[in-house]
Amino acid sequence: MTSFLSNIEGDIISEMAVMRKRFSSVCSPSWTEDDSASLYDSVPVSAADPPSEQEHPYAALLCCHRVQDSLLSSNSSFTGYRGILNWIIILLVLTHAHLFLENFIQHGFLIDVKKVLEHLIEDNCNWPSVNLILASNIFAITALLLERSQEKGILSPTNGHRLHLTNLGMLLLFPAAVIVHEHTISTGGALFSLWFYTALGMKLYSYQETNRWYRQAHLTDAERDKNVSVAQKSPNEQLTFKDLYYFLFAPTLCYQRDFPCTPKVCINKLLHRLLEMVIVIQIMVGIVQQWIEPIFQRSENSFTSMGITMRMEHLVGLVVPTHFLWLLFFFLSHSYLNFCAELLRFGDRHFYGDWWNATTLITFWKNWNIPFQKWCHRHVYARLVEKNVPPSRAELLVFLMSAALFEYMIALPLHSCRLWIFLMMLFELLAAVFLANYFQGNYGNGLLWLCLLLGPLLAVITYFHDHYIRFHPSSSSPLTSDHGLPSAVFLQPH
């Protein structure tokens, strides 16, 4: 009897050991997420199937916990936020619909495109900005003639380079002198002309620099073959008006011979881009006249003479419309560049990267304007590194040049150089350097959007605000204004 009971006790102990082994294998930390997907599928539905020795029939139900992070925690790798994004979009639409209705009830309907068209005519059909742009052909043709003279051996490389720099210097000084001394030119015409001349100067610098590299390459080939002169080996057929003006109209700042081209022009894409530009411009005019102008008209003083409380109130009110205006301007640039590329069958259409996903400001600066960054890297950064400048210092010099150029292109047409844009970009640089280790991933992207909302864009809008106040000192109510913002601020004669 004792031996029988001892045998039963041994069987029970061995069975419990087997069960503990099974359960421990089920609840081990190595239980993966895929196992949880079959949690309900593993429940036995029939008692006719006897459990096997390796797995308990309810083993999948005995352990329902494992080591894992909350979805919204920083350690989680969860990225499915599409539902939250949809919620934010709907909330933004409803919020700004309320602001639009409030603005419409308070000020009425202020959008009037005819006022913009009326103020495009400068000084009784005498358009200084148009004449200024037409005069730019002189500098382009001069660059072409200098290149032809160097190819034929009439000019030495040193003299040709000096004449090119002189031509570029005149190109930069000429529009600045006209904008400062010609009082009949409108602000919009001055802005467009200065931006046009800046892009033209960068294109012509790349044109002469790249052709000089081509000549150096052919010179090396001529040195290898003593019987062939440099003029014979140089492909002079590339230096034509057609080649030059194709480059000037192409959506790029960097010159090369034989640009990549698409097989044909797609008319549907052209019309699509053209329609996009028309719609976006209308929306931008509406935002400026209906949203930004009433905020300007509530001001009686410039930002420099405002109190800190009033200044902060105006800046907070201008953050959202200014940011929307910048996003629309980016989309307008996207449509315009693709329109030009499609019309000219220009193949390289990598005009920007995914800057909206950037986790640092440096990544944003490298991706939001690819043609400009490509020009800076090719003709400024690479040349500085060749002259034994450290790469970090070369990047700093390129950034300072970009900030100064941005300040110049906004401040000169508005006749108001206060260095606010330059200083705001320097502040962003300091934030990018000292906060990079603390704001990474999603936090870095959040810091990027915060800088876009409160950075140089607000400095730009303060320039336009003070320009508006300078020419409309008595406008204190939007209902008594006779001009919309595009006509008064962007197109008002100095």
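These legends accompany several views of a predicted model of one protein chain.

**View 1. The whole chain.** The protein chain contains 20 helices and 0 strands. Of its 494 residues, 39% count as buried. Its accessible surface comes to about 28,900 Å², and carbon and sulfur atoms contribute 65% of that area. Among contacts with a separation of 6 or more, 76% join residues 24 or more positions apart.

**View 2. Helix H16, end to end.** Helix H16 covers residues 391-414 and has 24 residues. Histidine 415 follows H16 and has a positive phi, near 55 degrees.

**View 3. Buried residues of helix H16.** Which residues of H16 are buried? They are Ala394, Val398, Phe399, Ser402, Ala403, Glu407, Met409, Ile410, Ala411, Leu412, Pro413 and Leu414. In an α-helix, residues three or four places apart point the same way, because there are 3.6 residues a turn. The buried set of H16 includes Ala394, Val398 and Ser402, and also Phe399 and Ala403.

View 4. The mean pLDDT of the protein chain is 79, and 75% of its residues reach 70 or more. Over residues 29-49 the pLDDT stays under 50, and the model gives this stretch 14 contacts beyond four places in sequence. Residues 475-494 also have pLDDT below 50, and this stretch has 80 contacts in the model beyond near neighbours in sequence.

Conventions: Residues are numbered from 1 along each chain as its sequence is written. This is a predicted model: local features need pLDDT of at least 70, side-chain atom pairs count only at pLDDT 80 or more; totals for chains, interfaces and linings use all residues. Side-chain values use heavy atoms; hydrogens and water are left out. pLDDT is the predictor's confidence in each residue, from 0 to 100. Contact means heavy atoms within 4.5 Å. Helices (H or I, at least four residues) and strands (E, at least two) are DSSP runs, numbered from the N terminus. The expected span of a helix is 1.5 Å times one less than its number of residues. Buried means under 20% relative accessible area, exposed over 50%, partly exposed in between (1.4 Å probe, protein chains only). Accessible areas come from the Shrake-Rupley method with a 1.4 Å probe; for residues, only the protein chains shown count as cover.
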